[in-house]
Amino acid sequence: MPDADALQEIAQELRAADATSILGTTHVHGRAEIQIDPSKNVAVIEQLRAKGYNFLASLHGVDYYPEEPRLGVIYELLDMKEVDRVSVKARVPLEHPKIETVVHIWPGADFPEREVYDMFGVEFEGHPDMRRILMPEDYEGHPQRRDFPVGGEPVLFTFNENDGYGADR
Amino acid sequence: MSAVSDYRKREESITMSSEPLEGETRELLTLNIGPHHPATHGVLRLLATLEGEVVRDIKPIIGYVHTGIEKTAEDKSYWKVIPVVERMDYLSYYFNAMAYCGAVEKLLDMEIPPRAQYLRVIHLELNRLMSHLVWLGTSALDLGAMSMFWYCFREREAILDLFEMSSGQRMHTRYIQIGGVFEDIPAGFAKKVKEFTAKMPQRADQYADLLEKNEILLSRLRGTCILDEQSLLGLNVTGPLLRAAGNPWDLRKAAPYSSYDHFDFKIPVGTVGDNYDRFRVRHAELYESTKIIEQALDGLPEGPHISDDRKVVLPPRHELATSMEALIHHFKLVTEGFRVPEGEVYFPIEGPRGELGCFVRSDGSAKPARVHMRDPSFVNLQATAPMVKDGYIADMIATLAMVDPVLGGVDR
């Protein structure tokens with residue numbers, strides 16, 4: 001984890017390259033986080049990668065319901081040499097949930113990006129295979145969103161197999 | 001020309017090379033494997049594109065055991081989430097609980113008593129042994145060694161008995177709690193564990209004797225499905241698969257948590273990154289985990305097994321009869337749960353299959369606003385396709401066994 005000062009330095013360097021790319025930084029619970037402009041995600045990540053944070057430990061989505069921009073995409077970057085972690089967060093609005101893919105940087109981002117698409121509906125532009133991964137292909141909605149109900153689906157038994165979701169499959 | 005001699009002629013013309021033939025028209029066959037195929041170790045479906053015996057591409061199709069655990073977790077108070085996250089990767093339940101509890105403890109800024117940290121380490125390493133034993137048994141079964149399965153499950157059974165002794169359950173024990181562990185170890189547990197760790201290295205030697213000198217196993221593993229370190233890093237692969245390619249990355253050493261820095265152990269690494277190295281690295285980890293358990297038992301500090309923060313941890317049962325305050329705390333914790341200050345954390349630990357990271361977001365209420373598990377099986381599964389490309393279909397089965405994906409963790 002970079003300490004609060006080191007995080008500020010990193011943010012300054014990133015701002016020097018593109019003043020509008022960094023929206024802010026936080027350093028709480030021993031976790032360094034950089035909030036970025038979602039349209040500049042690849043540029044920022046490439047820069048951090050050049051600085052040594054070259055391993056994508058995790059990529060996941062968050063829903064900040066009811067705040068806008070609602071959907072967050074978080075990249076947990078890791079520097080294996082310095083054993084240092086930094087998180088990059090890009091928040092996209094619900095009406096325009098699009099962000100550029102990082103599959104060309106890390107082929108391993110393939111499944112995690114598909115999972116975020118499946119669960120939150122964030123589309124990764126340039127992803128070679130943007131399909132659902134865990135939910136059925138014909139599923140409607142993005143279940144991990146906070147306004148998606150838990151247990152909203154009826155269980156199919158013999159008496160109701162001909163009506164409701166999945167009956168035509 | 002009879003049909004038989006025609007067949008002989010065609011058979012002779014089959015080249016056993018895995019390189020595509022120059023100038024020949026290539027006929028590709030798409031074969032569906034799974035989801036109910038024993039070699040997929042769960043409900044994994046693979047769409048394999050074959051050219052004769054050679055695999056040109058595979059596409060893993062997952063989601064058959066997706067149960068929405070991350071969604072369920074958002075609807076439960078913090079301490080009730082533990083049993084559901086334990087059921088993600090059903091072979092590493094202590095690790096799932098540890099990653100989740102570690103994340104919540106980080107949000108709460110909690111101090112964990114040293115005894116609890118050591119007890120966690122003992123159970124985590126027993127769990128790692130258990131997980132590796134299941135891997136070894138089922139993988140050897142895939143490669144034709146039937147007896148290994150029984151030997152490995154004999155030792156696994158002994159570990160499950162130990163889990164039952166300390167927590168009352170064999171699987172999904174809910175032993176690790178936010179703030180420490182559920183209960184101190186019972187009298188006689190340390191002796192039983194010692195008895196087990198005393199015979200475990202000999203047992204691991206026996207496995208090696210059975211497998212290492214087996215010509216079939218060696219020729220199926222050695223030099224097959226190599227993937228180099230750089231490609232593995234690009235695919236975000238961690239754990240024994242990355243170590244088999246020569247990168248000694250292990251969070252227990254690199255970023256110690258739960259007092260792992262107190263113990264003396266080695267990180268086994270491979271050299272070329274073929275299936276044989278993957279097998280050897282995990283096998284060598286059996287010895288190292290045994291060493292950690294012994295050291296943790298010998299150095300087990302005295303003291304409480306769980307934090308005494310009454311706003312988070314349930315009061316001891318006997319206090320409820322005499323203390324009104326304890327009763328109120330108990331009531332509040334059981335009904336509403338405890339509130340966690342706002343924030344986001346990512347807590348990574350070294351699971352049996354690689355980095356198991358838990359992301360928890362709190363919105364200040366008594367329920368987590370988001371729980372995400374970065375499950376190593378899910379990420380590592382992507383490496384199967386580049387590994388098996390242009391290899392034989394039999395090597396694909398061996399590779400799948402060596403990647404060791406647990407589908408409960410893949411689908412969550």
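At what angle do helix α12 (residues 275-298) of chain B and helix α16 (residues 393-403) of chain B pack, and how far apart are their axes? In this predicted model, the two helices pack at an angle of about 30°, and their axes lie 10 Å apart. Because angles under 35 degrees count as roughly parallel, α12(B) is roughly parallel to α16(B).

**The helix pair in chain B**
- The crossing that α12(B) makes with α16(B) is left-handed.
- On the side of α12(B), the contact is made by N275(B), R278(B) and F279(B), while α16(B) contributes A398(B), T399(B) and M402(B).
- Sorted by class, the residues in this contact of α12(B) with α16(B) are three nonpolar, two polar and one charged.

**Chain B as a whole**
- Chain B contains 17 helices and nine strands.
- The radius of gyration of chain B is 24 Å, close to the 22 Å that the globule rule gives for 412 residues, so chain B is as compact as a globular protein of that length.
- Of the 412 residues of chain B, 49% count as buried.
- Among the contacts in chain B with a separation of 6 or more, 69% are accounted for by residues 24 or more positions apart.

**Where chain A touches chain B**
- The contact draws on 25 residues from chain A and 33 residues from chain B.
- On the side of chain A that touches chain B, β3 (55-63) and α3 (110-120) of chain A each supply at least two residues, and the largest share, six residues, comes from β3(A).
- The residues on that side of chain A comprise 15 nonpolar, seven polar and three charged.

Technical notes: Residues numbered from 1 in each chain as written. Chains lettered and ligands numbered in written order. Predicted model: local features only at pLDDT ≥ 70, side-chain atom pairs only at ≥ 80, totals over all residues. Contact = placed C-beta atoms within 7 Å. Helix = DSSP H or I, 4+ residues; strand = E, 2+ residues; numbered from the N terminus. Nonpolar A, V, L, I, M, F, W, Y, C, P; charged D, E, K, R; others polar. Axes fitted to C-alpha atoms, helices over the stretch in contact; angles between N-to-C directions. Parallel < 35°, antiparallel > 145°, perpendicular 65-115°, else oblique. Left-handed = near helix turned anticlockwise from the far one by under 90°. Rg over C-alpha atoms; globule rule 2.2 N^0.38 Å. Buried ≥ 20, exposed ≤ 12 C-beta atoms within 10 Å, placed from the backbone.
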